[in-house]
Amino acid sequence: MTSRSVLGLAALLAGSGVTHFLRPRPYDAIIPSRLPGSPRTWTYASGVAELACAAAIAVPRTRRAGALAG
């Protein structure tokens, strides 16, 4: 992957992660009802995970781990 495509992927993941917080309702709607707790909690947790993966992918030293986690 080129640096440009890596940063593009990181930006895409980061943008998606941010929307989990700005517009959570669509994400809440797709959380399986069998998961314990509030759908909003899972929405926020998955937003944090996407932001963490985006950050890891953007840094060459952690890129492989971020890609595997994402």
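This is a predicted model: local features need pLDDT of at least 70, side-chain atom pairs count only at pLDDT 80 or more; totals for chains, interfaces and linings use all residues.
Biologist: How many helices and strands are in the chain?
Modeller: From the N terminus on, the elements run α-α-α-α. The C-alpha trace spans about 40 × 20 × 15 Å along its principal axes. The count for the chain is four helices and zero strands.

Biologist: What percentage of the residues of the chain count as buried?
Modeller: The chain exposes about 5,000 Å², and carbon and sulfur atoms supply 66% of that area. A residue is buried when its relative accessible area is under 20%. Of the 70 residues of the chain, the share that counts as buried is 23%.

Biologist: How far apart are the end C-alpha atoms of helix H1?
Modeller: Helix H1 covers residues 3-22, which makes 20 residues. At 1.5 Å a residue, the helix should span 28 Å. The end C-alpha atoms agree with that expectation, being apart by 28 Å.

Biologist: Within what arc do the buried residues of H1 fall, seen down its axis?
Modeller: The buried residues of H1 are Val-6, Ala-10, Leu-13, Gly-17 and His-20. Seen down the axis of H1, they line one face of the helix, because they fall within an arc of 70°.

Biologist: Which exposed residues does the face of H1 turned away from its buried side carry?
Modeller: The buried residues of H1 have cover that includes helix H2 (25-29), helix H3 (39-58) and helix H4 (63-69). The face turned away from the buried side carries the exposed residues Arg-4, Leu-12 and Leu-22.

Biologist: Which elements give two or more residues to the largest nonpolar core?
Modeller: The largest nonpolar core has six residues: Val-6, Ala-10, Leu-13, Cys-53, Ala-54 and Ile-57. The elements that give two or more residues to this core are H1 and H3.

Biologist: Which residues does Leu-13 touch, not counting those up to four places away in sequence?
Modeller: Leu-13 is one of the buried residues of H1 and belongs to the largest nonpolar core. Beyond four places in sequence, Leu-13 touches Glu-50, Cys-53, Ala-54 and Ile-57.

Biologist: Are the planes of the rings of Phe-21 and Tyr-44 stacked or edge-to-face?
Modeller: The count of aromatic pairs comes to one. The ring centres of Phe-21 and Tyr-44 are 5.2 Å apart and the planes are at 10°, so the pair is stacked. The pair links Phe-21 in helix H1 with Tyr-44 in helix H3, 23 residues apart. With the planes at 10°, the pair is stacked.

Biologist: How do Phe-21 and Tyr-44 count by relative accessibility?
Modeller: Phe-21 has 35% relative accessibility, so Phe-21 counts as partly exposed. Tyr-44 has 32% relative accessibility, so Tyr-44 also counts as partly exposed.

Biologist: Does Thr-43 count as buried or exposed?
Modeller: Thr-43 lies in helix H3. Leaving aside neighbours within four places in sequence, Thr-43 is in contact with His-20, Pro-24, Tyr-27, Asp-28 and Ile-31. Its relative accessibility is 0%, so Thr-43 counts as buried.

Biologist: Which residues are in contact with Tyr-27, leaving aside its neighbours within four places in sequence?
Modeller: Tyr-27 is found in helix H2. At 23% relative accessibility, Tyr-27 counts as partly exposed. Beyond four places in sequence, its contacts are Ser-16, Thr-19, His-20 and Thr-43.

Biologist: How far apart in space are Tyr-27 and Thr-62, C-alpha to C-alpha?
Modeller: In sequence, Tyr-27 and Thr-62 are 35 residues apart. In space, C-alpha to C-alpha, they are apart by 27 Å.

Conventions
Residues are numbered from 1 along each chain as its sequence is written. Side-chain values use heavy atoms; hydrogens and water are left out. The expected span of a helix is 1.5 Å times one less than its number of residues. Buried means under 20% relative accessible area, exposed over 50%, partly exposed in between (1.4 Å probe, protein chains only). The arc is that of the directions from the helix axis to the C-beta atoms. Contact means heavy atoms within 4.5 Å. Rings of Phe, Tyr and Trp (its six-membered ring) pair if their centres lie within 6.5 Å; planes under 30 degrees apart count as stacked, over 60 as edge-to-face and the rest as tilted. A nonpolar core is a set of buried Ala, Val, Leu, Ile, Met, Phe, Trp, Tyr and Cys residues joined through side-chain atoms within 4.5 Å. Accessible areas come from the Shrake-Rupley method with a 1.4 Å probe; for residues, only the protein chains shown count as cover.
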